[in-house]
Amino acid sequence: MLIPTMNIFSKYITFITILIGLALSGYIGKSFYDEETKAIKLGFQNDVDDKAAALEREILLNIEVLHAIKGLYDSSDEVTAVEFHRIAQSFLVRHQDIQALEWVPKVEARDRLGYESAMGTQHPDFEVTEFSDKGMLTAGQRDIYFPVTFIEPIAGNEMVLGYDFGSSHQRLAIMDRARDLDKPVATSSISLQHYSSDQQGFLIFVPTYMGEPTTLVKRRERLRGYILGVYRIDDMFDSAIKRTSAEGIYYSLEDNSYEPAYDQAIKASLAEGVEGASVLYSNFPLNLSITQTQQAFSYIKTLRPFSGRKWSIVATPSLGYVAERRGQLPYTIAVFGGLFVLLSALYVYAILRRAELIEKEVKQRTADLNEAKRQLEEISQTDSLTKIPNRRCFDESLQEEWQKAIRNKSRLGLIMIDIDHFKLYNDTYGHPAGDQCIKDVAQTLNQTLNRGKDLVARYGGEEFVVILPHTRDCVSPAKRCQYNIERLELPHETSMTSSFVTVSVGVYSIFPDKDSDLLEFIARADTALYQAKNEGRNRVCVYEEKDKEGIIETLDLAFSSSALAS
Ligand SMILES: Nc1nc2c(ncn2[C@@H]2O[C@H](COP(=O)(O)OP(=O)(O)OP(=O)(O)O)[C@@H](O)[C@H]2O)c(=O)[nH]1
């Protein structure tokens with residue numbers, strides 16, 4: 001029972017080891033995968049940070065352009081169209097994302113006509129305009145106008161010339177803010193359709209003053225006009241992004257500015273449907289489905305505020321971006337780890353299985369050996385002809401019973417039986433018949449003495465012996481043996497005793513003690529048998545002790561014999 005239990009236990013342990021091993025391989029693979037994910041995420045954020053920094057630089061450079069033109073106005077009371085165009089042109093060559101650079105002076109209502117006629121010398125039909133549902137119209141009556149006076153490049157932007165930026169509430173609010181702060185202020189996203197561009201853009205107004213006003217009141221009084229930059233967001237973003245190397249990232253540039261000062265104006269502009277879109281730029285494909293993996297990498301980078309605007313980049317990597325940076329190590333570890341565990345388990349299982357088979361074989365061989373040993377012992381204790389215990393078995397059993405009788409102080413009886421005239425039987429019927437006769441006699445003796453503890457053995461040749469432990473009367477069994485054999489009526493025509501096979505029997509019994517002699521015990525039974533032979537055979541003789549004092553006297557004892565022929 002122990003071995004199968006152990007095998008089940010071993011299999012259970014092997015199974016648990018496989019599970020733990022596989023789980024461990026999976027866990028290590030997953031840990032590597034997570035570490036790799038962290039590294040990719042960090043790399044991705046660095047890439048987006050790089051791009052955000054590039055965009056910030058691009059914006060600052062563009063604002064610097066406006067400051068440079070403002071410098072021209074600050075150093076001169078009268079900037080001619082030629083001067084403006086020259087400096088503006090030089091910047092436009094180097095800044096591809098600028099749609100236009102403009103000079104927008106402050107014109108009071110009383111100066112409007114004079115201003116229009118002065119401009120008309122260079123641009124016939126020049127007038128101050130405003131935008132409505134019907135297109136560009138002559139500007140209505142206002143106290144102050146901010147018409148576009150110089151614009152570079154002029155080609156393609158003619159429509160904008162004369163346009164009064166003060167006609168839009170939102171832009172006026174932004175311009176007022178720039179004036180009040182003496183700082184550049186940018187608009188939210190606008191459509192650049194009037195600038196012959198299909199892109200979204202934004203404007204930055206930089207105020208110029210007469211002199212250097214230091215207070216709000218003075219700034220309001222001495223406002224001269226605005227340097228205006230018109231920027232294409234897509235181009236600005238693209239040229240900034242192109243300066244960094246990482247590919248495969250989707251961006252969305254969002255305007256998160258919230259300026260309570262002109263919140264109203266923004267609302268109004270939204271109603272006009274012109275400005276206020278929060279998404280400035282996006283290269284997200286329209287049919288893009290963002291998977292969980294991509295979402296896990298999404299990153300928002302808020303740019304440094306500029307000109308009153310707060311922009312942020314929302315970025316998500318493409319699947320290709322992530323796949324490109326994924327290594328094989330996590331999968332390799334998981335697969336090879338699992339494979340190693342399985343092969344090891346297979347190897348251990350094979351060893352256990354082999355041990356089990358060897359164990360089985362050893363068990364089988366041990367059982368075979370034990371059986372062989374038992375058979376050998378049986379053979380060594382059995383007479384080959386009669387199949388009853390042999391002389392050796394008799395010797396060992398008698399020794400045992402002798403000791404028992406001494407210990408238990410019980411009587412031990414011994415019967416010796418010899419077939420009469422057996423030589424003549426052999427001579428008459430042949431040796432094989434003699435063998436059969438011996439077998440018949442043995443079987444009859446066995447059947448006659450069927451008490452469990454009695455032992456019938458072949459003593460040698462045609463002689464048998466019977467051990468009778470714990471037997472009060474040994475004579476009766478002896479007589480039954482002699483009688484039953486004669487009753488077999490095995491023919492023996494040459495016997496001088498009877499026409500059938502007969503036996504002579506010697507009996508002796510004793511209460512042995514530690515001084516008793518076993519050989520003498522056997523010799524006395526033999527003496528009784530010898531006596532039966534001498535008295536004419538086919539009889540039972542009992543050796544009886546009349547006096548226990550000495551052996552010589554005992555040998556002189558008389559034998560009582562009886563013939564039991566009938
Ligand atoms: N067939 C056969 N004969 C055996 C066997 N063992 C002993 N004998 C024969 O038994 C005979 C015994 O003869 P003896 O010892 O002279 O005794 P007996 O002829 O029986 O005469 P008494 O014993 O004096 O009656 C011998 O001839 C042995 O050969 C055996 O296993 N088979």
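Okay, so that's our starting number. Before I go on, keep in mind that this is a predicted model.

Let me do the overview. We've got 566 residues in the chain, and buried residues make up 43% of them. Secondary structure comes to 16 helices and 20 strands. If you take the contacts between residues at least 6 apart in sequence, 70% of them join residues at least 24 apart.

Now, confidence. The average pLDDT for the chain is 86, with 90% of the residues scoring at least 70. Over residues 265–277, though, pLDDT is below 50, and that stretch has 22 contacts in the model beyond near neighbours in sequence. There's also residues 548–566, where pLDDT stays under 50, and there the model has 40 contacts beyond four places in sequence. Where pLDDT is low, the predicted coordinates should not be read in detail. For the complex, the predictor gives an ipTM of 0.97 and a pTM of 0.56.

Which residues come nearest to it? Of the 16 residues around the ligand, those are His421, Phe422, Asn426, Asp435 and Arg458. By class, the shell has eight charged residues, five polar and three nonpolar.

As for cover, the ligand on its own has 660 Å² of accessible area, and the protein covers 66% of that. The elements giving two or more residues to the shell are strand 15 (412–419), helix 12 (422–429) and helix 13 (431–448). Helix 13 gives the largest share, four residues.

Take tyrosine 231, in strand 10, residues 223–232. Why do we call tyrosine 231 buried? Because its relative accessible area is 0%, and the cut-off for buried is under 20%. A polar atom of the tyrosine 231 side chain is 3.0 Å from the backbone oxygen of asparagine 62. Beyond its sequence neighbours within four places, tyrosine 231 is in contact with a whole list of residues, including Leu66, Ile98, Leu192, Phe202 and Met236.

Next is arginine 326, in the loop between helix 9 (319–325) and helix 10 (329–381). Arginine 326 has a relative accessible area of 15%, so it counts as buried. Its side chain makes a polar contact with the side chain of tyrosine 33, at 3.1 Å. Setting aside residues up to four places away, arginine 326 touches Tyr33, Glu36, Thr37, Ile40, Phe297 and Tyr331.

Then there's glutamate 56, which lies in helix 1, residues 2–74. At 12% relative accessibility, glutamate 56 is buried as well. The glutamate 56 side chain reaches the backbone nitrogen of arginine 304 at 2.7 Å. Apart from neighbours within four places in sequence, the contacts of glutamate 56 are with Leu303 and Arg304.

Where is the cis peptide bond? It joins glutamate 152 and proline 153, with omega about 0°. Proline 153 is in the loop between strand 6 (150–152) and helix 4 (169–181).

Two residues other than glycine have a positive phi to flag. Serine 307 has phi near 45°. Serine 307 sits in the loop between strand 13 (299–302) and strand 14 (311–317), and it's buried, at 12% relative accessible area. Histidine 470 has phi near 50°. Histidine 470 is in the loop between strand 17 (463–469) and helix 14 (475–488), and at 45% relative accessibility it counts as partly exposed.

That's what I had. Over to you.

Technical notes. Residues are numbered from 1 along each chain as its sequence is written. This is a predicted model: local features need pLDDT of at least 70, side-chain atom pairs count only at pLDDT 80 or more; totals for chains, interfaces and linings use all residues. Side-chain values use heavy atoms; hydrogens and water are left out. Buried means under 20% relative accessible area, exposed over 50%, partly exposed in between (1.4 Å probe, protein chains only). Contact means heavy atoms within 4.5 Å. pLDDT is the predictor's confidence in each residue, from 0 to 100. A polar contact is a pair of N or O atoms within 3.5 Å; within protein, one must be able to donate a hydrogen and the other to accept it, and residues adjacent in sequence count only if both atoms are side-chain atoms. A residue is near a molecule or strand if one of its heavy atoms lies within 4 Å of it. Accessible areas come from the Shrake-Rupley method with a 1.4 Å probe; for residues, only the protein chains shown count as cover. Ala, Val, Leu, Ile, Met, Phe, Trp, Tyr, Cys and Pro count as nonpolar, Asp, Glu, Lys and Arg as charged, and the others, Gly among them, as polar.
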